[in-house]
Amino acid sequence: MKKITLILFCLFTSWCFSQQVVTGTVTDSSGSPIPYVNIIEKGSAKGTTTDSQGNYSIAIDANAILVYSYIGFETQEIEVGTQEKIDVTLLEGEALSTIIVVGSRSPKRTATDTPVAIDIIDMQDVITKSGKIEINELLQYAAPSFNANKQSGSDGADHIDPATLRGLGPDQTLVLINGKRRHSSSLINVFGTRGRGNSGTDLNAIPASAIKRIEVLRDGAAAQYGSDAIAGVINIVLKDNVNKLTGSISYGAYNTNAKGDFPAGTPNTDGNRLDTENDGNIIADDKSLDGGSVKITANYGVEIGEEGYANFTTEYISKNKTLRPGFDFRRGFGEAAIDGFNFFANAAIPVSKKTEIYAFGGRNYRDTDAFAFTRNDGERVVPSIYSNGFTPRITSNIIDNSVSAGVRTETEGGWKIDINNTWGKNNFHYFIKGTLNASLQDSSPTDFDAGGHSLSQNTTSLDLSKYYPNILKGLNIAFGTEYRIENFEIFAGEEGSYATYDVNGLPITDPGSQTQPTDPLSGELRPGGSQGFPGYSPANEVDRSRSNLSIYADAELDISDSFLLGVAGRFEEYSDFGSTTNGKLAFRIKATEGVNIRGSVSTGFRAPSLAQIYYNLRFTDFQGGVATETLLSANNSPVTASFGIQQLDEETALNGALGATATFGGFTATVDGYYINVKDRIVLTGTFAAPQIPNVAEAQFFANGVDTETIGLDLILSWKGNFDFGNISATLAGNINNMTIEDINNGSLDQATFFGEREKAFLLASAPESKFSFNANYSKNKFNAGVGLTHFSEIVLIDFTDAEDVYGAKITADLNVGYKLTDNLKFTIGGNNIFNEYPDQQNDGETEAGGYWDAVQMGFGGAYYYARLDFNF
């Protein structure tokens, strides 16, 4: 070993003496050093980065030109000549390349330099060129393989949008903030066209104005980051700027003129618009605009010492309901109302030159309000309370709290150490309004506390890494451990929200001796529980926890100037279902100057969530306008076992990717193909007849139901040019995604019931088979303008009559125009979907949501017009 070390040392020494060595320091305009600045010799593959103190050393050829680049700063080129020491000051501006955090633990990787596909989304740039007010909406049009839509008539999913990456489940994408694991929502999606049977991270709980950039890793990463990273990773990097107050005030509204051919008297067309201010089926005045949305944001940072900071963000959102044409049993078809307040903070306090204490986190509060299906008459309606029927409202209080704190340091030997603890909790509390409990008849209240659910997660981690610049062309090694505790709870609502009462107004505990009220007209029994959403009872209550211990290691080695090899492995042990080990191998080849070939292969997994194991509820399921009482039975219950449903096991995955990147002047291109094979995906089954269960007609379960295979392609082409007449940029981004169901794991159960054509269609429609967007922007002096076109491919769903609902391909157009009024104020007007495009109209009333459209493609809101005033001081 000593001889090998001596030989390597001699070779390295002889190489150094044949080169010109340049050293120096890179700082910003205030004189503060900038760590990890990219420094390359122009026209070659030689490069390095500054250390944590902004210092660098690089051996170059004679007459070389050095290129210095870093995110948020203007790239600078310097002719070296005979200089041996070059100190550089970078000016704030826009960089050609971006140092990334997710997907690679090496400090010297850029977005086009990594062995896997990564999108870098500058949130400030996206926000100022769009009227979209929530992160899911922003990402829907900024990241080609990301998809999210507002739902309607989907209970909790009306309030927390399910989102997918590459068409996989919402719970198969891991979300990080500043590189630390974010907790999931406690909501499990039961209805809706996306994410059925899944729970995911609530991205809209994070204020967009607190975000510096979003890094989207489009590659399997379970071996690097753990469970949930089958589809990829979204890393949200928070703002850290100081001494500047920035913010905005915006207002926008939707065009109510829904495109379509609707019969006279259709709900929410002229003359028949449901009143959103009063309960019952009361008709309001016609409107040309609805869904009015106000958003106010502010961000400010203060210095702590010479290099520390504390950055704070507040954000207020108020959005009214939208209403679109539906059927008599779905008079409230449209998007939910939201009143929300966000507060987030991000801070770092230097302790010494190489050690800092950091913390970030925040609180999100949302009060939401959505319509359920309409009760027009029959045993569910009490005429003395609602004379012509009613449309219940499912409202919720959603509270999302999180805090992360840790210590980062670097030893004298160059080891970077990060010790962190991150805690987060999502609490979802239902309040049903404009409703009644029919079994209480005339004495029923019209609103109920229906209980809810919560999920908390605490993660303690230790991460170590070190970069060795002199081992071959550079080696970065990292390893660490993580201990995570999760807790899922369901808490009961008030008695009236779930109980069925007898004719004397007492809860029925002995059906043999108590008499349930009947409707005098139909003779049918009056059902109990709050209409729209029956509350959680004490029998539904859950308080379950589990722990997870993981150990990981990864390494990236630049074997030569042109060849990079990466390897990662991770072991995880769960307290409730066992252990798993996963690995990843990745490479990058610099084929020519500016052209890289990259690829990866990895195994992945996702543990069943606590909600998928323990969630249970009795609910009213509307199928083609007909109400059916359905039991969603917990996976661990005897009822579930009696139907032949097995206990949940982990999902396993095999990922493969091959792609290329190219950079020539102002032009950048990335093309990445991918393959994802997932075994034992956890899904929500179809409904089984359940006459043996009291007061229930059907039962439904979570099961490791299907195996899927996904083959796709991501394409991003971008160009930027500066001319005398102005600056122009253009981007074409697209995703082609083909998912197939390889096997249905129904065992001896009837396949059509277990996971039939309808359930298959919902799973396959998690994303369009293709989505392409083109964005062009122009700016000169104080003026800027932008246009965006998005093409969504066809989507096919199966309705309640087993007929196909075909949604043909559509194109939407966005437009924005901005003008800088002063150095501190900028005014922007614009529109999203300015030509008021809708999915293709369905006419049979059998869609999932009971409207004329499902929540597909661009959604069913129509054109949105907005104005925004941005300020900075």
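**Cavities, rings and strands**

A: Helix H3 supplies the largest share of the lining of the largest cavity, namely four residues. Helices (H or I, at least four residues) and strands (E, at least two) are DSSP runs, numbered from the N terminus. This is a predicted model, in which local features need pLDDT of at least 70 and side-chain atom pairs count only at pLDDT 80 or more, while totals for chains, interfaces and linings use all residues. Residues are numbered from 1 along each chain as its sequence is written, and side-chain values use heavy atoms, with hydrogens and water left out.

Q: What volume does the largest cavity have?
A: Its volume is about 410 Å³. On a 1 Å grid over the protein atoms alone, a cavity is a set of points where a 1.4 Å probe fits but cannot get out, whereas a pocket is an open set with protein on both sides within 12 Å along at least five of seven lines; lining residues have an atom within 4 Å of a point. Grid points are joined across faces, edges and corners, and a volume is the space filled by probe spheres set on the points.

Q: Which residues lie nearest the centre of the largest cavity?
A: Glu137, Tyr141, Tyr254, Glu335 and Met858 do, out of 26 lining residues. The elements that give two or more residues to this lining are helix H3 (135–142) and strand S42 (810–820).

Q: How do the residues of that lining divide?
A: The lining of the largest cavity has seven nonpolar, 11 polar and eight charged residues. Here Ala, Val, Leu, Ile, Met, Phe, Trp, Tyr, Cys and Pro count as nonpolar, Asp, Glu, Lys and Arg as charged, and the others, Gly among them, as polar.

Q: How many cavities does a search of the whole structure find?
A: The search finds 14 cavities of 30 Å³ or more. The second largest cavity holds about 280 Å³ of space. Of its 27 lining residues, Ser184, Asp228, Glu486, Arg546 and Ser609 are the closest to the centre. Strand S11, strand S24 (447–468), strand S25 (475–491) and helix H6 (610–614) are the elements that give two or more residues to that lining.

Q: And the second largest pocket: how much space lies in it?
A: About 820 Å³. It is lined by 34 residues, and those closest to its centre are Ser537, Ala539, Asn540, Arg618 and Pro694. Strand S26 gives the largest share of the lining, three residues. By class, the lining of this pocket comprises 17 nonpolar, 13 polar and four charged residues.

Q: Changing topic: how many aromatic pairs does the structure hold?
A: There are 29. Rings of Phe, Tyr and Trp (its six-membered ring) pair if their centres lie within 6.5 Å; planes under 30 degrees apart count as stacked, over 60 as edge-to-face and the rest as tilted. Phe262 and Trp853 form an edge-to-face pair, 6.1 Å centre to centre with 85 degrees between the planes.

Q: Which parts of the chain does the pair of Phe262 and Trp853 tie together?
A: Phe262 lies in the loop between strand S15 (246–255) and strand S16 (273–274), and Trp853 in the loop between strand S43 (825–832) and strand S44 (864–872), so the pair links parts that are 591 residues apart in sequence.

Q: Are Phe262 and Trp853 buried or exposed?
A: Both are buried. Buried means under 20% relative accessible area, exposed over 50%, and partly exposed in between (1.4 Å probe, protein chains only). Phe262 and Trp853 also belong to one aromatic cluster, with Phe327, Phe329, Phe333, Phe373, Tyr838, Tyr852 and Phe860.

Q: What lies over the face of Tyr141?
A: Lys132 does, at 4.4 Å from the ring centre. A charge sits over a ring if NZ of Lys or CZ of Arg is within 6 Å of the ring centre and within 35 degrees of the ring normal. Likewise, the charged end of Lys321 sits over the ring of Phe371, 4.9 Å from its centre.

Q: Now the strands: in what order do the five strands of the open sheet run?
A: The order is S8-S13-S14-S11-S12, with mixed pairing. Two strands pair if DSSP finds at least two bridges between them. S11 (residues 173–177) and S12 run antiparallel and are joined by two bridges. Ile177 has Lys180 in S12 as its bridge partner.

Q: Which residue takes a positive phi in the hairpin of S40 and S41?
A: Asp802 does, near 70 degrees, and the hairpin has five residues between the strands. Strand S40 (residues 795–798) and strand S41 (residues 804–807) run antiparallel and are joined by four bridges.
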